[in-house]
Amino acid sequence: MTASDFATRDPALQALLDHLLEGIAARADTWPGGPEALAQVRGALAGSAGPSPDAKPPEPPPVVPAMLAQALADGAAAGGSAASVAEALAKVSPQITWYVREGLTPTCEDFADRHALATIIGPEDRPGVLEVRSDVRVGISLVGPHTEYPDHRHPPEELYLALTPGEWRQDLGPWFEPGPSGVVFNTSNILHGMRAGATPQLALWCLPI
Ligand SMILES: [Fe+2]
């Protein structure tokens with residue numbers, strides 16, 4: 001069963017998920033445990049979901065109007081999985097609710113203005129989630145230029161698909177650059193962070209729960 005078997009999902013969201021899973025699948029085997037995590041995400045996304053709540057979205061953090069269009073264009077220009085996902089994401093973009101991550105130690109004074117997250121599939125308490133689910137989360141990180149998203153950890157494993165340039169690190173190790181269409185896999189509770197260079201960093205993430 002694939003995510004495309006899901007009959008009632010919005011077609012634009014379905015297309016985004018199909019491209020995302022395809023993009024991660026192309027690189028997941030570069031990480032021990034990556035293919036297994038992807039199989040769990042794929043299996044969950046093929047199942048049925050709860051209704052999406054109907055809430056009025058709040059104003060997005062400033063980085064979204066300032067940088068999202070450029071990040072999507074950078075992803076589209078990169079070719080490969082980054083391009084197909086960026087183009088699919090652009091079509092879903094009007095439905096997305098962006099928010100600021102609370103509870104992390106900010107890396108700069110105006111951190112709240114320089115990053116944004118969106119949970120498109122996940123628990124009901126995330127703002128503007130498009131599909132309520134408890135078995136898988138899919139979301140987006142947008143990090144403004146020259147901004148670091150703080151190191152953090154969480155029990156679920158995490159697969160990222162990078163749409164743009166930008167770096168990651170794990171366990172406070174050296175920063176590495178997967179590049180557009182690159183995949184990063186975080187094992188359960190590993191400390192990890194990301195940072196943008198001169199251009200915005202855009203990535204999608206999947207967490208099997
Ligand atoms: Fe994370």
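**View 1. Glycine 79 and the end of helix 3.** Just after helix 3 in this predicted model, glycine 79 takes a positive phi of about 75°.

View 2. Val63, Val64, Met67, Leu68, Ala71, Leu72 and Gly75 are the buried residues of helix 3. They cover an arc of only 145° around the axis, and therefore they lie on the same side of helix 3. On the face turned away from this buried side, helix 3 carries the exposed residues Pro65, Ala66, Ala69 and Ala77. The partners against which the buried residues of helix 3 pack are helix 4 (80–92), helix 5 (111–114), strand 1 (115–122), strand 3 and strand 9.

**View 3. Helix 2 and its buried side.** Helix 2 takes in residues 34–45, and at 1.5 Å a residue its twelve residues should span 16 Å, which agrees with the 16 Å between its end C-alpha atoms. Which residues of helix 2 are buried? They are Gly34, Ala37, Leu38, Val41, Ala44 and Leu45. Because they cover an arc of only 125° around the axis, these residues are placed on the same side of helix 2. The buried residues of helix 2 pack against helix 1 (11–27), as well as against strand 1, strand 3, strand 5, strand 7 (183–186) and strand 9.

**View 4. Proline 208 in strand 9.** Proline 208 lies in strand 9, and because its relative accessible area is 4%, where buried means under 20%, proline 208 counts as buried. When its neighbours within four places in sequence are left aside, the residues in contact with proline 208 are Ala37, Gln40, Val41, Asp135, Pro156 and Glu157. From proline 208 to arginine 27 the separation is 181 residues in sequence and 17 Å in space, taken from C-alpha to C-alpha.

**View 5. The largest pocket and its lining.** The largest pocket holds about 280 Å³ of space. It is lined by 16 residues, of which Arg101, Leu117, Arg126, Tyr149 and Trp205 are the closest to its centre. The elements that each give two or more residues to this lining are strand 3 (136–143), strand 4 (148–152), strand 5 (158–162) and strand 9 (201–208). Sorted by kind, the lining of the largest pocket has seven nonpolar, three polar and six charged residues.

**View 6. Two loop residues with a positive phi.** Histidine 146 is found in the loop between strand 3 and strand 4, and although it is not a glycine, histidine 146 has a positive phi of about 55°. Is histidine 146 buried or exposed? Its relative accessibility is 61%, and because exposed means over 50%, histidine 146 counts as exposed. Aspartate 171, which lies in the loop between strand 6 (167–170) and strand 7, is likewise not a glycine and has a positive phi of about 55°. With a relative accessible area of 52%, aspartate 171 is exposed.

Conventions:
Residues are numbered from 1 along each chain as its sequence is written. This is a predicted model: local features need pLDDT of at least 70, side-chain atom pairs count only at pLDDT 80 or more; totals for chains, interfaces and linings use all residues. Side-chain values use heavy atoms; hydrogens and water are left out. On a 1 Å grid over the protein atoms alone, a cavity is a set of points where a 1.4 Å probe fits but cannot get out, and a pocket is an open set with protein on both sides within 12 Å along at least five of seven lines; lining residues have an atom within 4 Å of a point. Grid points are joined across faces, edges and corners, and a volume is the space filled by probe spheres set on the points. Helices (H or I, at least four residues) and strands (E, at least two) are DSSP runs, numbered from the N terminus. Ala, Val, Leu, Ile, Met, Phe, Trp, Tyr, Cys and Pro count as nonpolar, Asp, Glu, Lys and Arg as charged, and the others, Gly among them, as polar. Buried means under 20% relative accessible area, exposed over 50%, partly exposed in between (1.4 Å probe, protein chains only). The arc is that of the directions from the helix axis to the C-beta atoms. Contact means heavy atoms within 4.5 Å. The expected span of a helix is 1.5 Å times one less than its number of residues.
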